[in-house]
Amino acid sequence: MKAGVIEKYLKGYAEPEAHTAPDTDQQWNHVVCIPACDEAENLIATLQTMALARGADSALVVIVVNGRQSAEAHVHTSNERTLKQLREYGVEEGHLMSWGVLNGMTLLVVDRASTDRWLPPKQGVGLARKIAGDIALALIHRGVVQSDWIRCTDADVQVPKDYFEQLANPIDGVSAAITPFVHVPEGDVIQQKAMGLYDAYLQAYVDGLTQAGSPYAFHTIGSQISVSAQSYAIVRGIPKRLAGEDFYLLNKLAKVGRVHSLSGERVRVRGRLSDRVPFGTGAALQEISAALRNGSPVRSYDPRVFDGVGHWLRALKTFVEKPDVDQLKSQVQSVADPLGSALFDTLDTMGAFDAAAKASKQVSGSLLHRRLMEWNDAFRTLKLVHGLRDAGIA
C-alpha cells in the first residue's frame, strides 16, 4: 500500500470526523461502514446477523446515524430511537463518536442525527457513507485495522456467515469488490412480484454488458461494495450525493483498477418500498408496483440495446489499431437498421466520435484504448443504453 496517497487524501479531502476518531489500543481485522437514516426498525437486526458471521469478533463496524436538515419529522424521530437503541450496547449519549459492543463485535457510532449535527440539505447518504469510509481509512492508515478493505453495507441487510471470509486478502489489480446479494420480497403479492421484476431488470443490465464486453458490467448497489484503501484514496472517497453515490463511486474505481464480483453466500437485502432517495431499489419498487396495479408496461431492456453497445466496443478496438474516424463511423453505420441508425445518431449526439478523434491525436496503442474506455465509462454506457431505448430500440 502506498501510504503517501492515503496521507494526501486524509490531509486534504477527508471529512473532519476522520481526524477525531478516538484513540484506542485495540486492533481489528475488518472494518464495515453503515449509514443509518430512519432505520430504527432495522439496524439492530442487521448488526445481530453481522455479529454471527465468522470473524465478527475481530470486526469494527462504523455506523453513521444521520439525518438532513430538510428531513421530515418522522425521520428525526426514528434516528432518535436508533441512538437510544445503541445506548443499550454502551454507546454514550451526546458524543459525536462513541464506542459500543454488540455480541462481541465492536461498534463506533457517529452521531450526525442530533439537531446541531444534521447533514446539509443537499447531502445525504453519500456524505454519511463518506464519513464512515474516511474514518475507516484513517484507522487502516494508523494500523488499527489490519485489512486493506473498506466494506460498505446498509442498515437493512442480513449478511451471511462467510461475509468476512469472502474478502480476506487483497486481490491484485482490483480496486473494488462486489458481494453477491438477493433482495428479500416483502409486502403484498404485487410488491413481491415487483421485487422479482426489479431484480431481473438489474441482472439483465449486468448480463447484457457482460455479453457486450463492457468493463462496467457489475452491480452498483451501495450495500455490496468493498473498496481497497489505496483506491479509495485515489478516487477521493465516496461522492457526497443524495443518491447514486454507489454508481458514481464504482464508475471512478473501475478506472483505477478492476471491479471484481465475489463468490460465496449472498447478502439478503430488504425489498421494501421507499421514497427516501429519488432513485434506487425503493423508488424502483414504487414505480413497478404502480405499473402492475395500473396494467401499465413495466421497465425492461431490449437485448438489442446491448448488441449496440457490443458493436460500439468492437468498433473502438478496430479504431485503436487504425485510428480513422471515418472508418469508425462507417463501421457503426454498417450495423443493420433500425439498430445501426439509432446507434450512430446516439453516439453522434453524445459526442463519442469527436472524443475518439481527440484521443487518437494525443495517445496511441494501449494508452488510446484505455483513454477510450475511460471516456466510454459506466455513466456514458448507461447513457448509450438509454439513448438507444429512447430511439425506439425497446
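Predicted model: local features only at pLDDT ≥ 70, side-chain atom pairs only at ≥ 80, totals over all residues.
Let's start with D199, which sits in helix α5, the stretch covering residues 189-212.

**More on D199**
- Setting aside neighbours within four places in sequence, D199 is in contact with F181 and H183.
- How far apart are the C-alpha atoms of D199 and G55? They are separated by 30 Å, and the two residues are 144 residues apart along the chain.

**The whole protein**
- If you count up the secondary structure, you get 14 helices and 11 strands.
- The radius of gyration is 22 Å, close to the 21 Å that the globule rule gives for 394 residues, so the protein is as compact as a globular protein of that length.
- Along its principal axes, the C-alpha trace spans about 65 × 55 × 40 Å.
- Of the 394 residues, 53% count as buried.
- Take the contacts between residues at least 6 apart in sequence: 77% of them join residues at least 24 apart.
- The accessible surface comes to about 17600 Å², and 49% of that belongs to carbon and sulfur atoms.
- On the charge side, there are 42 positive and 44 negative side chains. The centres of these two sets lie 4 Å apart.

**Helix α2, a mostly covered helix**
- Helix α2 runs over residues 43-51, and seven of its nine residues are buried.
- Which residues of α2 are buried? They are L43, I44, T46, L47, T49, M50 and A51.
- In an α-helix there are 3.6 residues a turn, so residues three or four places apart point the same way.
- The buried residues of α2 pack against several strands, namely β1 (30-36), β2 (59-66), β3 (97-102), β4 (105-112) and β6 (157-158), and also against helix α3 (73-87).

- In which sense do β2 and β4 pair, parallel or antiparallel? They pair in the parallel sense, over seven bridges.
- One place to look for this pairing is V61, whose bridge partner in β4 is L107.
- With β3, strand β4 pairs in the antiparallel sense, over six bridges. Here M97 stands opposite V110 in β4.
- β3 and β4 form a hairpin with two residues between the strands, and N103 takes a positive phi near 50° there.

**E15, a loop residue**
- Where is E15? Look in the loop between α1 (3-12) and β1.
- Is E15 buried or exposed? E15 is buried, because its relative accessible area of 11% falls under the 20% cut-off.
- Not counting residues up to four places away in sequence, E15 touches L127, K130, I131, D134 and K240.

Methods: Residues numbered from 1 in each chain as written. Heavy atoms only, no water. Buried < 20%, exposed > 50% of the residue type's maximum accessible area, 1.4 Å probe, protein only. Helix = DSSP H or I, 4+ residues; strand = E, 2+ residues; numbered from the N terminus. Contact = heavy atoms within 4.5 Å. Rg over C-alpha atoms; globule rule 2.2 N^0.38 Å. Areas by Shrake-Rupley, 256 points an atom, 1.4 Å probe, with all protein chains shown as cover. Lys, Arg positive; Asp, Glu negative; His and termini not counted. Charge placed at Lys NZ, Arg CZ, Asp CG, Glu CD. Pairing = 2+ DSSP bridges.
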